[in-house]
Amino acid sequence: MKCFIGIDLGSTTTKAILMDENKDVLGRGITNSRSNYDTAAAVSKQEAYIDSRFTLLRRELEQSQSGMVDIDAFLRDLERNFRREQFMEQLQDLRRTCLEFATAARFKDKEAAVREALDEIFRRVADQAGALFQPGAERKSDFFRDIAGSFYLAVAGEVCKQANLPFDQVIAVYDKAIIEVENRPPTADLKGKIVRGLENLLTEAGEDRMSSASMQQAVDRALAVELEESYVIGTGYGRVRLPFSKEHIRSEILCHGLGAHIMYHGTRTVLDIGGQDTKAIQVDANGIVQNFQMNDRCAAGCGRYLGYIADEMKIGLHELGPMALKAKKQVKINSTCTVFAGAELRDRLALGEDRADILGGLHRSIILRAMSIIARSGGITDQFTFTGGVAKNQAAVNALRELVDENYGKVTININPDSIYTGSLGAATFAYRAVMEH
Amino acid sequence: MATTDQIIQRCQSLFEDLHFTAAREWKAAEPDRKVVGFMPIYVPRELIHAAGMLPLGIFGGGDQIEVIQGDAYYQSYICRIPRSTIELFLTKRLDFVDGMLFPSICDVIRNLTGMLQLIRPDMYAHYYDMPQNYDDRVGGEFYVNELQELRHDFENLSGNEITDAALRVSIVLFNRNRELIKELYILRAAEPWKVPATEAYLLSRAGMLLPVEDHNVLVESYIKAARSADRPRRDNCKIVLSGMFCEQPPLNLIKSLELAGCYVVDDDFMLINRWMQEPVSETGDPIEALARAFLHHSTKTSATYEPIEADKGQYLVEAVRKSGAEGVIFAAPSFCDPALLERPMLQDALNAAGIPYIAFKYAENSGQMQPIREQAGTFADSIKLWGENA
Amino acid sequence: MTTVATKKIDLREAQKDQSMEKQKEMIAGNFTRLARAPQTGEKVSYTFVPGNINELVMCFDMVGNFPEINALQMGMRKKSGNFIFDAERAGHSEDVCTYVKTDLGMVYNGNIGPTGERLPEPDILLLSYTGCFTFLKWFELLRHQYKCPTVMLHVPYQGGGKITENMRKYVVKQLKEEVIPTLERISGVKFDIDRLREYLRESARAEDDLVWVLQTARHKPSPIDAYFGGVYYVGPIFSAFRGTRDATEYYRLLRAEIQARIDAGLGPVTPEGNMGEEKYRLVVEGPPNYTNLREFWKMFYDDGAVVVASSYTKVGGVYDFGFRHDPEHPLESLADYCLGCYTNMNLPQRVDMLVNYINDYEADGLLINSIKSCNSFSAGQLLMMREVEKRTGKPAAFVETDLVDPRYFSAANVKNRLESYFQMVDQKRRAA
């Protein structure tokens with residue numbers, strides 16, 4: 001079947017959408033944007049293909065009336081096993097790369113000991129990380145770097161101590177290797193990994209879930225569907241760095257506008273708060289962009305502002321929102337400058353103000369900046385859609401609802417759980433139109 | 001007799017009231033009353049007053065206003081005062097204002113004139129261009145004609161003729177006001193513990209919001225109360241503040257300076273209330289009198305041109321000497337062209353005169369006082385040490 | 001549409017070179033004259049572009065130096081960054097105008113001008129305070145440095161949207177009572193009003209041709225870029241050459257070259273040759289960025305965007321609504337010239353002008369290049385943008401850079417916005 005791909009190369013994450021001939025979204029993929037945008041694009045695209053295969057498999061299972069009671073659970077388990085395959089493959093790559101870096105030139109007479117230690121580290125990482133893919137286990141992130149990095153760091157200390165090796169240097173080997181591994185294009189053997197994942201699953205679960213034959217057939221059918229990549233459109237901040245010709249690139253403004261329109265046809269104003277920029281877009285009834293404004297040179301009011309605050313408070317970015325929700329009173333943060341806000345935060349903490357209250361104020365402050373960008377673009381007149389990473393932050397969403405209500409009265413505010421894919425959805429739709437409507 | 005606390009409390013509530021209730025009430029008290037707002041740095045309030053209107057000083061929104069719409073109009077590299085001023089207008093807090101004067105202080109305030117002309121086409125918004133040529137025959141002639149035009153505009157706006165007699169009455173009242181403020185500054189320079197910086201500030205700010213008649217009474221009674229009040233004298237150093245003539249610092253900042261060990265003995269807050277260094281002539285042609293006073297007795301500030309190089313910065317050296325200060329604190333609003341462009345020249349003048357100084361920037365909504373307290377505290381300590389060793 | 005035989009282009013290139021070469025010679029000649037002033041004894045006046053009274057200065061045989069032009073030249077030569085740094089280290093705030101800091105940095109470094117020749121100290125600072133508060137302090141700072149005489153010409157701002165008789169009289173009076181006597185004293189040359197009339201007559205000729213050139217952008221495709229090309233076209237008339245035969249000759253040459261482009265159906269010439277197909281027609285408000293001028297320009301012509309009118313090319317004089325220097329009313333017309341410069345116009349006037357340009361030149365919309373250094377331009381631009389959008393129904397884009405501060409030009413950022421803007425215009429057009 002013909003399929004259409006949209007890739008949104010953002011400053012922190014890269015997203016891909018695979019759309020089929022019926023304009024249905026078949027799969028979504030996301031990865032961290034890295035120094036190498038080509039790889040980020042390739043990885044996100046592959047993730048979208050993986051997701052599409054699972055969608056096709058779901059369809060097969062639903063149609064085949066195979067008698068499977070809990071398709072969701074089966075797919076979850078299959079994906080888990082698939083991820084293990086994928087993880088182990090990349091871990092092996094990382095191990096090989098680390099060993100390549102562990103040269104005599106670097107470690108002199110300790111070379112052999114280092115190589116031995118690396119083997120031991122990777123043995124332990126494989127063991128421990130493998131547990132993450134057990135049934136019922138929870139993974140905080142599916143990004144390889146996050147999982148491998150945290151385990152490597154955890155075990156390397158002990159191994160180095162035992163082997164009396166310099167910890168810093170062993171970490172340096174990892175730091176070098178991970179960049180290389182992460183920036184290597186993913187291997188193509190997608191179907192193989194799904195098949196092996198299925199085998200693992202069957203061993204793990206025994207034969208009682210359903211007849212393996214009918215399941216096997218469903219998987220085979222799903223894997224047999226040919227996904228013909230008809231057209232790709234790239235967008236996002238890093239789009240100029242994509243190896244695409246001009247016709248295959250659209251500005252993120254157009255893509256976000258169209259993406260939001262596809263999600264909610266009534267949308268007239270879109271606010272996107274991403275890592276590097278904030279944009280307000282006005283679209284007409286057909287998703288055509290009428291006007292837009294982006295944040296000025298000042299980064300205050302972007303996702304990065306919250307990142308900076310999280311760093312400043314030494315907590316995770318995802319912990320900010322929940323903590324801010326506990327605010328009991330409104331603290332006014334006056335500094336619009338990101339750096340000054342950090343200083344103001346310290347000042348207020350030193351004065352004994354409550355952390356949650358301050359964070360509540362910071363969330364309001366970031367949304368205040370967004371409000372002025374919305375105003376510059378022409379304000380809010382009708383249905384309003386909020387997208388981007390910050391739309392996942394409930395404290396920010398609450399502040400937005402409050403301020404929109406105060407300034408523009410009652411309007412519908414849409415926030416899609418998949419809002420992070422808005423740009424890539426618009427891009428995929430442009431890809432579809434380039435082929436099907438031309 | 002009212003105590004300083006009572007008086008200052010009244011001033012503080014006027015200062016905090018961003019709905020300008022006092023001015024609204026003044027306007028509502030009689031039909032056809034009009035209010036004309038003005039921004040720093042100087043306007044002839046006498047003309048507004050003589051037309052039976054209330055001059056109302058608009059000095060930004062301070063640190064208590066949440067600027068939402070105002071930010072939509074300004075890039076990040078422009079100071080705060082026009083943002084909060086626009087916010088005050090857009091949030092209808094100034095909907096009762098019938099006219100606005102924007103003095104020639106800098107390009108940002110200048111352009112704000114045009115912004116208000118576009119945003120509030122129903123309102124009289126006038127750019128008040130002061131001559132930078134101080135010759136009677138040249139700048140003077142221009143200025144007299146500008147004042148006549150303004151007089152004419154105000155007559156139209158108020159519906160009242162501005163007679164010479166009425167204008168002379170106004171001049172007398174504002175002369176009195178300037179005299180009282182001068183007295184207040186002299187008292188503070190001599191006995192700064194009796195007139196805390198925030199009190200002098202709030203008292204001055206009240207003068208931007210009240211009819212001059214009321215303000216004169218207020219200042220008079222404050223001076224009386226302050227003289228007789230028994231307040232502890234602290235071991236503070238005396239400093240002159242420079243750079244705060246337009247965008248206002250948060251009250252907390254002024255308080256912080258004093259807490260850090262600095263008595264403020266002179267400043268450039270609200271220069272309008274002592275712009276004329278000499279009384280305006282109360283006889284003869286009142287327009288001529290206002291023009292002559294402006295040309296020859298204006299205070300010097302960063303926002304005006306200094307024709308004589310040797311005099312550059314001498315006003316600040318003079319202010320230090322007159323007030324018995326031991327140093328200068330330059331505190332300029334971020335992105336303030338007049339204050340920041342002028343500063344190196346003022347610092348050279350201070351260097352030549354051997355006067356120590358420090359410099360920092362603020363915004364009307366600055367939230368962190370710790371660094372300012374530290375700098376001011378260190379400055380005060382170093383002045384004391386230096387004084388002891390000298 | 002623009003593919004023309006190579007040979008033909010060569011011909012045009014040769015013609016293009018004529019005006020370019022002429023301007024280069026003129027500028028180099030002035031710098032050499034400046035450098036030799038200490039030997040020749042010619043008196044040197046420093047003055048600003050907006051509200052410069054060049055014809056009057058010429059009456060006193062003085063040679064003119066323009067600190068703004070030196071600063072922008074230093075920006076184009078990538079030298080401004082270090083000068084700004086030096087000025088900031090010497091105590092000038094990071095918040096203030098980078099033209100001023102580039103100029104002061106240059107002075108601290110021996111006052112070596114853009115051509116590598118040392119610039120002479122001023123015999124007089126002719127402070128024409130027109131449309132920019134910073135000018136006032138800039139020359140106070142230079143006076144502080146040089147301890148030289150200064151003469152102030154205060155040009156009132158058109159706060160009410162018009163030039164009043166009082167303003168005109170004030171400027172004329174300052175010319176008579178302050179400027180002319182001071183220049184006589186400094187130069188030792190007696191003022192001759194007939195000489196001034198002659199120069200003004202020459203100015204008016206050049207002005208006619210300049211206006212003709214700028215208005216050719218009404219053609220489709222436009223034969224000129226009225227912003228990136230425009231900054232070169234206004235070079236002579238905004239500086240030491242207004243009123244000279246050289247300027248008249250320059251504009252005569254330029255006019256002929258542009259006529260030839262029109263005849264050949266050519267678009268503007270860019271640093272990379274003739275521009276491709278004209279896809280977007282824009283009006284630009286605000287000065288350009290000089291440190292990355294070519295890179296900035298490329299973002300336009302690569303996407304087929306041409307600027308058909310700009311406000312920046314009016315900072316040194318607004319001529320396209322009829323004003324000309326007038327030998328019959330010499331001092332009055334100098335006053336009107338000063339009072340009429342773009343940054344001396346109030347915001348409603350500026351909005352009117354931009355709306356007029358968008359309609360008159362059939363532009364797709366407005367682009368504002370907002371300059372950190374220049375509050376005179378920048379304060380209020382976001383409101384102007386809204387007003388222009390409202391009144392024309394055409395979309396506007398907003399980018400931020402600086403005149404000569406390389407720290408303030410983010411190519412990726414600017415390109416992203418421009419591309420998004422062009423694509424939006426394109427999409428809207430298709431949808432229509």
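This section describes salt bridges in a predicted model. Side chains of opposite charge can pair when their charged atoms come close. In total, 88 salt bridges were counted over all chains.

In chain A, a salt bridge links A:Asp418 to A:Arg28, with a separation of 3.4 Å between the closest N and O atoms. A:Asp418 is located in the loop between strand 9 (413–414) and helix 15 (422–436), whereas A:Arg28 belongs to strand 3 (residues 25–32), so the pair ties together parts of chain A that are 390 residues apart in sequence.

C:Arg252 and C:Glu249 form a salt bridge with an N to O distance of 2.9 Å between their side chains. These two residues stand three residues apart in helix 10 (residues 245–263) of chain C and are therefore separated by about one helical turn. C:Arg252 has a relative accessible area of 46% and is partly exposed; C:Glu249, with 29% relative accessibility, is also partly exposed. Beyond individual pairs, salt bridges that share partners connect A:Glu120, A:Arg123, A:Arg124 and A:Glu158 in one network.

The other chain C pair consists of C:Lys190 and C:Glu184, whose closest N and O atoms are 3.4 Å apart in a salt bridge. Here C:Lys190 is exposed, with a relative accessible area of 66%, while C:Glu184 is partly exposed at 21% relative accessibility.

Note on methods
Residues numbered from 1 in each chain as written. Chains lettered and ligands numbered in written order. Predicted model: local features only at pLDDT ≥ 70, side-chain atom pairs only at ≥ 80, totals over all residues. Heavy atoms only, no water. Salt bridge = Lys/Arg side-chain N within 4 Å of Asp/Glu carboxyl O. Helix = DSSP H or I, 4+ residues; strand = E, 2+ residues; numbered from the N terminus. Buried < 20%, exposed > 50% of the residue type's maximum accessible area, 1.4 Å probe, protein only.
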